[in-house]
Amino acid sequence: MLLQLLFLSVFAFASSVLAAFGFTQSGSNYVVDAGSSNALVFTVNGGSCDITSIKFRGTELQGSTGTHLSSGLGSATVRVERVTASSVNYVKITCTTSTLTHYMVVKEGESNIYLATYIKSEPSVGELRFIARLRSSVLPEEYPYGKVSTTSGSSSSVEGSDVFVVDGETRSKFYSSTRFIDKDAQCVYGGSDVIHVCVLAPHPESSSGGPFFRDIESNNAGDETNLYWYMNSGHVQTESFRTNVLHGPYILTFSRSGVPKIKEQDTSFFSGLSITGYVATSGRGYVSGTASGISGSFQRVVHWYNSAAQYWTIASSNGAFTSPAMKPGTYTMVLYQGEYKVATVTGVSVSAGQTTSRNIASTLTSRNSLWKIGEFDGQPTGFMNADKFLRMHPSDRRMSAWTPATYTVGSSSLNQFPMAIFQNVNNPVTIKFNLGSAPGAATLRIATTLSFAGARPQAKVNSWSGPAPAAPTKIDSRGVTRGAYRGYGEVYDVSIPAGTLVQGSNTITITSISGSSGTTFLNPNIIFDAVELFT
C-alpha cells in the first residue's frame, strides 16, 4: 500500500513538472498550457478573445462569465502562435478589433498570463479595463483591503447599483482602490491550498489621471469574484484618455506562495515579441534633478506628462530624484507637496539613451499666517471622517455624524473640522477665532480637492459677505460617496477688506453653494484640503 501511495505521489509530481508547454486547438477554442510546475491551463475563445476556462493545479477558477477586456469584445480576430525569443519559449495570443489589439503572453514554465493592450481609440464596448471573473466559491477573499469591497450577501443598496449594505456596513467595489503611486499587487484568494490570483501593473504610463488617481481593484459580488485592472475610466476623470498607445505589460499571476511584488517582475522580454507600441528600456530616457522648497514633513512627488505618457517618482529627503524610464518626447513636469501642486515646468525634453538634468522648486511664498486648519497637501488629512471615507459610504454608521460644525481656532481638534460639506446635510461650517489686533486687509485661502455638482465655497466674515465664486469645471462622476477625493483641486482666495476683521472675537462661515441639487450625500459638495487666514 505504501509503495502504491509513493508511486501515485511521484506520478502526480512528474505530471505537474512535465506538463506539455504549448497550445492546442479544440473547435473554435485554444487551450494553452504554461508548462509550469504549478500547472496553469486556460482556454481562449477564438471568436471573442474571452478566456472561458482557467485551471490552476487542476482547480477550475473561471466563473460562468468570461475573463476579458471591458465587458467582452464581442468578436475579434484571434491569432495564437508559439514564439521563441532569446532561447525562451512563449505562447502569444493576439486579438484584434477595429479599435485595439490585445495581447496575452505565456512564458514557458511560469504560472502567469502577461497582458498588454494597444488602443487606437477608446473601445466602443465600454470602459478600457481588464476583468478576471473568477469563482467566488474558490476565491472569496480580497487583498489588500479585505471585506470593504465584498458586496456578496447584501441586504440593501445605498446608492445606485454599486454601493450596498452587508452586515450593517456599507460596501462597494469602489472602496478597493489604491493610488497609482502606491500600487502593488491587487489579489483575490482562497481555498485550503490558499491560491492567490493577482494583477500587477508595473507602471500605468498610458493611463490618465496622474500619480494619485485610483480606481476599482476587486469585488466579490456573489456568484463571481471580480479582479480588475482599469486602464481608463470615467471615474472622477480629470485628464483626456491617451490613444495610439500600449497599456502594459500588466500581469495576471497565479500563486501558492503568497502575494507577489511588482518590483520582482520582469517584462523586458516583450521587446522580442513584436508587440505594437512597446518601447524597450534601450529606447527610453530619464530625467534627474533636485526638488526643493518643500519641508521635510511632506512627501515630494515629481510628475511628468504629455499626450502619450505619464510618469512619477518620489524625491528623497534631500530632494534628489530620478524618473522611471520614459518614452522620448517633451513633457510638463509638476512638483507636489503631498498631492498639492506647488510648481510646474514645461518643455522638459527626453531622448532615448540619455538623462536630462532638470531641477524644480516650489513656487509657494511665505506669508504671515494668522491661523491654518489642516495642511496644504492635496488631501483632507486629519479632518473628521477623513480616516474612513476611502472604505465606506458617508451614511455608514461608523462615520461621525455629519452636522453643521463649529470649529474654534486654538481649542478645537483637527478632527472636529469636516472633511466635506454637503449642501443640505452639514452646511455650513463655522470658524471662530480671536485676534490680538485688527490686521487690516487679509486673505482667506480655501483649498479644496474635489467639487461635486458645481459646489464651491462662499465665505462670510463677520457681517461681510464674500463674493460667490464661479462654478468650477464639472467632473461628471460621483466622488466622496465612492471613496474618491481628488479632482482639479480648486483653491479659492477671498480678499477680505480692511476693517472687516476686528480685535477680539471673529467668525467666518463657509457655505457650499451650487445651482444644482441632489439627495442627501449626492447633494452638491466640496472636500476640503486646508483653510488659512493670512496677511
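Student: How many residues of the lining of the second largest pocket are nonpolar, how many polar and how many charged?

Tutor: The lining divides into eleven nonpolar, seven polar and four charged residues. Here Ala, Val, Leu, Ile, Met, Phe, Trp, Tyr, Cys and Pro count as nonpolar, Asp, Glu, Lys and Arg as charged, and the others, Gly among them, as polar. The model is predicted: local features need pLDDT of at least 70, side-chain atom pairs need 80 or more, and totals for chains, interfaces and linings use all residues. Numbering runs from 1 along each chain as its sequence is written, and side-chain values use heavy atoms, without hydrogens or water.

Start with the space itself. The second largest pocket holds about 530 Å³. (A pocket is an open set of 1 Å grid points that a 1.4 Å probe fits, with protein on both sides within 12 Å along at least five of seven lines; lining residues have an atom within 4 Å of a point. The volume is the space filled by probe spheres on those points.) The lining has 22 residues, and the closest to the pocket centre are Pro202, His203, Thr267, Tyr278 and Thr281.

Another cis bond links asparagine 427 to proline 428, with omega about 0 degrees. Proline 428 lies in the loop between strand E31 (420–422) and strand E32 (429–435).

Next, the core. Leu252 is among the residues with the most contacts inside the largest nonpolar core, as are Phe42, Leu61, Ile93 and Val197. That core has 52 residues. (Such a core joins buried Ala, Val, Leu, Ile, Met, Phe, Trp, Tyr and Cys through side-chain atoms within 4.5 Å; buried means under 20% relative accessible area, exposed over 50%, partly exposed in between.) Leucine 252 touches Val197 and Phe130, among others. Its partners also include Ser111, Asn112, Cys198 and Leu227. Apart from this core lies another, of 44 residues, including Ala420, Val429, Leu450 and Val531.

Phenylalanine 130 takes us to a sheet. Phe130 is in E11 and stands opposite leucine 69. Strand E11 (residues 128–135) pairs with E6 in the antiparallel sense over two bridges. The open sheet has four strands in the order E6-E11-E19-E18, with antiparallel pairing. Strand E6 (68–69) and strand E18 (218–220) each have a single partner strand, so one side of each is left without a neighbour in the sheet.

For contrast, turn to the largest pocket. About 630 Å³ of space lies in it. Of its 38 lining residues, Gly209, Thr238, Arg486, Gly487 and Tyr488 are the closest to its centre. Its lining divides into 15 nonpolar, 13 polar and ten charged residues. E33 gives the largest share, three residues.

Cysteine 49 has a positive phi, near 75 degrees, and is buried, at 4% relative accessible area. Aspartate 167 has a positive phi too, near 55 degrees, but is exposed, at 63%.

Definitions and conventions. Two strands pair if DSSP finds at least two bridges between them. Buried means under 20% relative accessible area, exposed over 50%, partly exposed in between (1.4 Å probe, protein chains only). Contact means heavy atoms within 4.5 Å. Lists of a residue's contacts leave out its neighbours within four places in sequence.
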